[in-house]
Amino acid sequence: MITLYHYDRSTAAQRVRLLIEEKGLEWKSVIVDTARGDVDQLPENYHELNPKGLVPAIEHNGRGISESTILLEYLDDAFPETSFRPANAEDRADMRRWIYRIGDGVHVASRTIGVCIVNRFIYLEQGKKKIEAYHSEMRDLVRRDNDKVNIAMGLESPLLPDALKTFKSLFADMNDRLADSGWLAGDSYSLADIALVVYLRRMESFMMAPLWADHGHLNDWYARIAARPAYHKAVVEWGDITEAKRTEHGRGAFDAIEKLWNA
Ligand SMILES: N[C@@H](CCC(=O)N[C@@H](CS)C(=O)NCC(=O)O)C(=O)O
């Protein structure tokens, strides 16, 4: 049995839940949600499972494993009955190249956009002391330093323009690829699709979807994945307790974001 440490709206957790549901695996849920700035939510010894203190992490066969993209490959190896990796080496390399982009800027960019548009308001509500404690416990120092700038400067953050550019080129590249093929790697639904689809929902949650309304292939791909029962179970049913705030602050930020997107 797999134990997954996660919370509802975490994109990194969503991709792991999506693979678990696609494979029909049995799992136990443990919620670890520090994302509103409350480090007391971290279980004692959690860093043994994930040295960065983030979700997701799993316990399986007495071992702790973290990093969502590694977890996708781990689960595909550990439960190979239905594999979500293409059969040939070239397509597997393509799959890994798409997934690599997550660690190579995309996930950090998603965090920057989220903190600049919404999370900063959630943190400011918590008060200075709580957020200082939250930052002092953060083991990823780049994340901590980026957060400090993004909380202080919001839509004026110097990190925001490049974060938006990262998503603009990711979505354009995905749309181009999907014009030639229904899926990101090879000719079937793979770990690459599972890994990246969560960012469509995340960016949409900030009311930004009009910015890529002309990316028909990307939007069609997203709709096809969103219609899968596993996506419903893994993403829709878990929901997002901050959805109302994302909608409110996303609407308020749209003009500024659109300007940066088109710059
Ligand atoms: N590289 C990590 C990133 C994990 C990560 O950023 N987790 C976020 C949620 S998506 C988290 O734990 N947030 C808690 C917090 O912000 O306090 C992975 O892919 O697993």
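Begin by selecting helix α4 (residues 89-126) and helix α7 (residues 160-180) in this predicted model: their axes come within 9 Å and cross at roughly 125 degrees. Axes here are lines fitted to C-alpha atoms, for helices over the stretch in contact, with angles from 0 to 180 degrees between N-to-C directions; helices are DSSP runs (H or I, at least four residues) numbered from the N terminus. The angle makes α4 oblique to α7, a term for whatever is not under 35 degrees (roughly parallel), over 145 (roughly antiparallel) or 65 to 115 (roughly perpendicular).

Next, display the side chains at the crossing. From α4, select R101, G105, V106, A109, T112, I113 and C116; from α7, select L160, A163, L164, T166, F167 and L170. Residues are in contact if their C-beta atoms, placed from the backbone, lie within 7 Å. By class, this contact holds nine nonpolar, three polar and one charged residues. Ala, Val, Leu, Ile, Met, Phe, Trp, Tyr, Cys and Pro count as nonpolar, Asp, Glu, Lys and Arg as charged, and the others, Gly among them, as polar.

Now colour the chain by domain: domain 1 covers 2-78 and domain 2 covers 89-262, with bounds from an automatic or database domain assignment. Their centres, taken over C-alpha atoms, are 19 Å apart. Contacts link 21 residues of domain 1 with 30 residues of domain 2.

Finally, select α1 (11-23) and α3 (68-78), each of which supplies at least two residues of the side of domain 1 that touches domain 2. The largest share of that side, eight residues, comes from α1. Its residues divide into five nonpolar, five polar and 11 charged.

Residues are numbered from 1 along each chain as its sequence is written. In this predicted model, local features need pLDDT of at least 70 and side-chain atom pairs count only at pLDDT 80 or more, whereas totals for chains, interfaces and linings use all residues.

Technical notes
Two residues are in contact if their C-beta atoms, placed from the backbone, lie within 7 Å.
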